[in-house]
Amino acid sequence: MGSPPTKSPSTLGWKVEDSAHLYQVDSWGGGYFGANAAGHVVVRPNQQADREIDLLEIVEGLKARDLTAPVVIRFSDVIAHRLKTINDAFARAIAENDYQNRYSAVFPIKVNQQRLVVEEVYRAGAAFGFGLEVGSKPELLVVLSMTEDCSDRVIICNGFKDDSYIETVILAAKLGRLIIPVVENFAELDLILKHSKKYGVRPTMGVRVKLAAEGAGRWRDSAGDKSKFGLFITEILEVMDVLKQHDMLDCLKLVHCHTGSQLQDIRRVEEAVTELSHVYAELKLMGAGLEYIDIGGGLGVDYDGSRSNYESSMNYTINEYARDVVHRIASVCRARNIPHPQIISESGRAIAAHHSVLVFNVLGSSALDQFRVDSQLEADCRDDSNIPQPVTDLLDAYRSVSERRLVECWHDALRAREQALQMFNLGYLSLKFRGLAERLYWATCARIRDLVRRLDNVPEELEDLESILSDIYFCNFSVFQSLPDSWAIGQVFPIMPIHRLEERPTRNAVLADITCDSDGKIDHFASRRDTKRTLELHALKAGEDYYLAAFLVGAYQETLGDLHNLFGDTHVVHIRLLEEGGWWIEETVKGDTALQVLSYMEYDTDELYPRLARDCERAVREQRLTVAESQKLKRFYEAELQGYAYLEPDMEG
Ligand SMILES: Cc1ncc(COP(=O)(O)O)c(C=O)c1O
């Protein structure tokens, strides 16, 4: 690899643009991804074609630094660009609606709590006065340490809060932070009253409203009557009474809602914002000191590029989102004759998803259409009078495949295979004939599939043939560690090869990871219509790496990932554009070693090696191992403890 592609039969009649179209890079890429003339995926961190980065070049550069795939590549400039895009969309909407206040995003750090990511978001958000959102005590601790000298950047505190959480928030307010605890229940209200009195602080606080407007999609239960969080309107009125009694109505500065993540339908956003605006207006007119309206997260990401209201997509743009939000709030405020509040959104996914790419290599593949029936085999079958009937039927089905008899032959093959299996289970079919039946069946399927590919209208019964016959590509990563939402909630991520795009992909495959778990696979892929069950890939070439990448993985995946089969964190690198042109590797975080992962699991890592060494010496004493063999095993063991859990190329060979 690395040398310019040579014209081979597979490149004839196929162009890089065909691959870009096939994998729909422009649809899901949001302007950040594309393909270059060499047939490699490129990343455009600020959407400018003259600053594009060749992804394969990065991967090869990392390999030269002993950072082999799988690796998460974070593009810091994409984060800055996302923040600017969201800010600009709201700035335009504010101008269009003559809105008399500002907008600010607060990044919910749970979306990707990695220090380097949060620091990047916070640093790049400074230009727009963007803040941070926390949902737990540890998150609060992180944010407090990062927000020194930033008294104008909002910190929103959500989630369950105990005494020490609230006490810390009140003290942080005294320290000078613009920090707003959002009350979810009366116990939290009592704690705010207690600690603000104790420390002589007039707190700035918010309430989370349980809206009647329900969310949609996977996270629809984040809102509505059954939602886990928030106060019913009747409870908010009680909060108002309590605050009034304490002469603290002016402290209620914010109303908040969160209707769910990945809102795919703009109507849900409109309904929720309208309802929240009316709640805001009513409370304001009742005397609350409201200044902020917080519409929560939910701004979607078009993972499958379909621009629809499928769960992995969204039927609106960031501009439409901003326009609708600002317009709805402005209309309600105008109608109720109240000042415009500062608008806050807790957009996480929309800020973080695009900036991370997971690159992994393919280790090998298995194919079901590999079984051939040559003329010798056919002749042998003809001459063998002992061939059982189902096997003869399968041979007939194989021979008679033609465009006119596709469905019929398919039925014949299915029936004959079933009969062959029944006979085998009753002891009437030998292993040899079962093997033959299997070979004939798959060869028949492959023949039918090849003809089906030429049809304009595929008979319904044969529609699944492509996926039935798909290859399995074994990939060097763990779905559970790196793409947990793919496994847990069927989230679709765009996946494609990062090179050979000038070549026609000739295989259809599903992906299997290297965990020993049959759930560790990906068999749904982004497509214009719904999802597709197989991904078009290139045939593997002996001795050549084949790299795939999963895109838009910057939100939720890294920290939700688990250690199934003890596959730990992958290597991570941060790539940044250089002002003078080009790019550099700004940060490198090496993936977990086996030793680190084992220590997470409470193994006494100091004892692992000595125990094996003792056992080796016993084996030497009892002459089961030679000294050389024992040394080899010990050296191997020691190196592997310090090594990457994923499969690594044999550096020597
Ligand atoms: C309260 C709250 N705010 C913000 C978010 C972030 O949502 P998203 O990443 O969809 O913008 C979440 C996530 O579900 C949340 O629970």
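**Pairs, shell and domains**

User: Which residue in S23 is the bridge partner of His 574?

Analyst: Glu 587 in S23 is the partner. Bear in mind that this is a predicted model.

User: What makes S22 and S23 count as a pair?

Analyst: Pairing takes at least two bridges, and S22 (residues 571-577) and S23 (residues 583-589) have six, so they count as paired. Their sense is antiparallel.

User: And what do S22 and S23 form, with how many residues between them?

Analyst: A hairpin, with five residues between the strands. In its turn, Gly 581 has a positive phi of about 110°.

User: Over to the ligand. Which of the 16 residues around it come nearest?

Analyst: Those are Ser 261, Gly 297, Glu 346, Gly 348 and Arg 349.

User: How do the residues of that shell divide into nonpolar, polar and charged?

Analyst: Four are nonpolar, nine polar and three charged.

User: How far apart do the C-alpha centres of domain 1 and domain 2 lie?

Analyst: They're 58 Å apart. The assignment puts domain 1 at 185-344 and domain 2 at 594-641.

User: What percentage of the 653 residues in the protein chain do buried residues make up?

Analyst: 46%. A residue gets that label if 20 or more other C-beta atoms lie within 10 Å of its own.

User: How many helices and strands does the protein chain have?

Analyst: There are 23 helices and 23 strands. The chain's C-alpha atoms fill a box of roughly 100 × 70 × 60 Å along the principal axes.

Notes
Residues numbered from 1 in each chain as written. Predicted model: local features only at pLDDT ≥ 70, side-chain atom pairs only at ≥ 80, totals over all residues. Near = placed C-beta within 6 Å. Nonpolar A, V, L, I, M, F, W, Y, C, P; charged D, E, K, R; others polar. Domains from an automatic or database assignment. Helix = DSSP H or I, 4+ residues; strand = E, 2+ residues; numbered from the N terminus. Buried ≥ 20, exposed ≤ 12 C-beta atoms within 10 Å, placed from the backbone.
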